[in-house]
Amino acid sequence: MWSRVRWWPATLAGQFLVLQVSVMLVVVVVASVVSVQQSDADFRATRGAAMRDAAESLANDRFVRLTFRTDEVEARRAALATITQDVRYRYRASGVYLASPDATVLVSSDFAGRDQRLDLLGSPAERKRSWTGDVDDLGTPSIAAQAPIINRRLELVGIAMVTEEYPTWGERARSVLPDLVPVAGLGLGLGMAGSLLLSRLIRRRTRGLEPAAIAALADQREALLHSIREGVVAVSEDGTVTVLSDSARELLSLSGEVEGRRVDDLGLAPVVRDLLADPREIRDQVVVLGERVLVVNRNPVLERGRHVASVTTLRDRTELLALQSELSARQSITNTLRAQTHEFHNQLHTISGLVQLGEYDEVSRLVGTLSKRRREISDAVLARVEDPAVAALLIAKTSLAAERGIDLRITTDSLLPRLDPEASTDVGTVLGNLVDNAVDASVSVGGTTVDVSLVLEDGSVRLAVTDTGPGVPPERVGDIFRRGWSTKASTAEGRGVGLALVQVVCERRGGAVTVGHAAGGGAVFEALLPRVEVGPEPVAGRESR
């Protein structure tokens with residue numbers, strides 16, 4: 001099988017060379033045509049004037065005029081032929097003719113032209129004056145001049161015509177090429193050198209990629225931007241958006257033409273604008289944007305050690321964090337129930353041993369003590385917290401903290417009514433994570449107490465948890481709410497999620513969470529959850545007991 005010859009080069013340098021040669025060839029052809037036309041125009045102007053002088057000289061010749069005034073043209077044809085030959089040689093003409101008024105050739109410098117008809121120039125009324133133009137001289141295109149032969153009565157008695165053939169194409173080429181070839185060759189050489197330099201420059205700017213590879217990358221880029229689920233935003237060094245995926249457009253609620261505009265001109269929320277414009281690296285930073293919870297990562301793009309752009313990815317984790325919030329609450333309750341189960345097993349084993357020993361009075365006193373302790377915990381919580389879900393969480397956390405040697409106390413200024421279900425869930429998420437962190441921090445340094453304050457003021461829940469742990473170092477205050485940061489050892493389920501979740505829940509409601517130093521040592525976390533509505537009163541007969 002014969003393989004097809006690929007005439008179009010695959011490399012960029014080869015394509016530029018072919019294009020440059022093609023352009024130069026077109027320029028040479030056009031220049032040749034223009035040069036030939038200019039040569040024809042010069043030939044027509046110079047030789048036309050010479051032919052006119054020759055025709056007028058012949059028409060005004062005394063012998064010619066006398067001959068055409070009489071009927072002796074035939075008798076004097078030989079003498080007239082000599083005159084036409086003399087004019088032909090003197091003016092380097094290709095043909096000299098003397099004709100009758102009806103354009104029939106009577107005398108010609110060439111015997112073959114005799115008795116032929118001339119190709120007359122001008123109209124019949126204009127033939128009593130000299131005329132110059134193109135004629136068909138016995139089948140040959142020629143420049144011709146015609147002059148009238150007039151008698152004494154000013155009557156047209158004959159016509160004198162002198163012609164010169166146009167140069168052939170070979171003659172024209174020989175007259176043009178000596179000047180055209182050096183210029184065309186120089187231009188072609190410069191064009192080839194320029195195309196090679198340009199191709200090298202383009203290869204350097206395109207990282208050595210050929211046009212086919214660049215086109216493939218462009219197609220792949222468009223496919224990725226339209227199909228990738230994560231939002232991708234690329235920002236140049238001067239703050240101009242260069243790449244924006246469909247998902248990023250949707251997550252940031254952008255419309256219209258965005259690429260090519262500056263980040264400051266897009267009307268984004270300040271937190272998002274600062275994230276996109278900041279050239280520093282970011283790892284898994286949680287941002288609340290409206291009703292969405294976004295996890296932001298940003299990587300700077302460096303070229304030869306210089307920052308040229310940054311690429312930011314946005315992941316929508318709204319539903320995931322909501323599920324994680326519920327899971328955290330369930331996990332907290334599960335851990336509490338597991339601890340209580342362990343405690344109940346110990347108590348049951350104690351009661352079983354006392355029964356086997358017959359110490360029934362001790363059994364009665366133990367059961368009374370345990371019931372009193374449970375009732376005291378429940379009464380202490382329910383006296384200040386009416387919301388059943390939050391109260392149940394605090395009761396469970398109190399038992400869990402007691403097992404670890406921590407006294408979980410509710411401050412005397414706490415007062416939380418029944419909340420709407422959504423607010424109750426959010427308060428439980430924030431409270432559960434803050435209490436767990438406070439207990440862990442207190443246990444780590446031998447602390448003994450954790451204080452909880454819950455107050456509803458003007459539609460906002462103010463929540464404070466104070467521990468007796470080591471406190472938060474000042475240089476770490478900005479890091480503790482970042483997802484993945486933790487002072488504790490990493491476990492299978494991960495660390496550094498609780499405080500990040502607390503921040504997300506608070507910011508989603510338009511609130512905030514802060515950390516400070518407690519008066520007696522340790523840390524105090526304060527959370528504000530706005531837009532909280534009081535829930536309905538419990539139905540009679542179904543209050544918590």
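Modeller: Let us begin with contact, which means heavy atoms within 4.5 Å. Among contacts in the protein between residues at least 6 apart in sequence, 55% join residues at least 24 apart. The model is predicted, so local features need pLDDT of at least 70 and side-chain atom pairs count only at pLDDT 80 or more, whereas totals for chains, interfaces and linings use all residues. Residues are numbered from 1 along each chain as its sequence is written, and side-chain values use heavy atoms, with hydrogens and water left out.

Colleague: What makes up the protein in terms of helices and strands?

Modeller: The protein has 12 helices and 15 strands, which are DSSP runs numbered from the N terminus (helices: H or I, at least four residues; strands: E, at least two).

Colleague: Why is Arg-47 called buried?

Modeller: Buried means under 20% relative accessible area, exposed over 50%, and partly exposed in between (1.4 Å probe, protein chains only). Arg-47, which lies in helix 1, has a value of 13% and therefore counts as buried. Across the protein, buried residues make up 39% of the 545 residues.

Colleague: Which residues are in contact with Arg-47, leaving aside its neighbours within four places in sequence?

Modeller: They are Asp-42, Tyr-91, Arg-92, Ile-143 and Glu-164. For Tyr-91, the backbone oxygen lies 2.7 Å from a polar atom of the Arg-47 side chain.

Colleague: What makes the pairing of Glu-164 with Arg-47 a salt bridge?

Modeller: The term requires a side-chain nitrogen of Lys or Arg within 4 Å of a carboxyl oxygen of Asp or Glu. Here the closest N and O atoms are 2.4 Å apart, and the pair forms a salt bridge. It links distant parts of the chain, with Glu-164 in strand 5 (residues 156-165) and Arg-47 in helix 1, 117 residues apart. Glu-164 has 14% relative accessibility and so counts as buried. The structure holds 9 salt bridges.

Colleague: How far apart along helix 3 are Asp-86 and Arg-90?

Modeller: They are 4 residues apart in helix 3 (residues 77-91), so about one helical turn separates them.

Colleague: How do you know whether Arg-509 is buried or exposed?

Modeller: Its relative accessibility is 6%, so Arg-509 counts as buried. Arg-509 is placed in the loop between helix 12 (498-508) and strand 14. Leaving aside neighbours within four places in sequence, its contacts include Glu-422, Asp-426 and Leu-529.

Colleague: How do you know that strand 14 and strand 15 pair, and in what direction do they run?

Modeller: Two strands pair if DSSP finds at least two bridges between them. Strand 14 (residues 512-517) and strand 15 (residues 523-529) are joined by 6 bridges and run antiparallel, so they meet the condition for pairing.

Colleague: Why is Val-34 called partly exposed?

Modeller: Its relative accessibility is 48%, so Val-34 counts as partly exposed. Val-34 is found in helix 1 (residues 12-59).

Technical notes
Polar contact = N/O pair within 3.5 Å; in protein donor to acceptor, adjacent residues only side chain to side chain.
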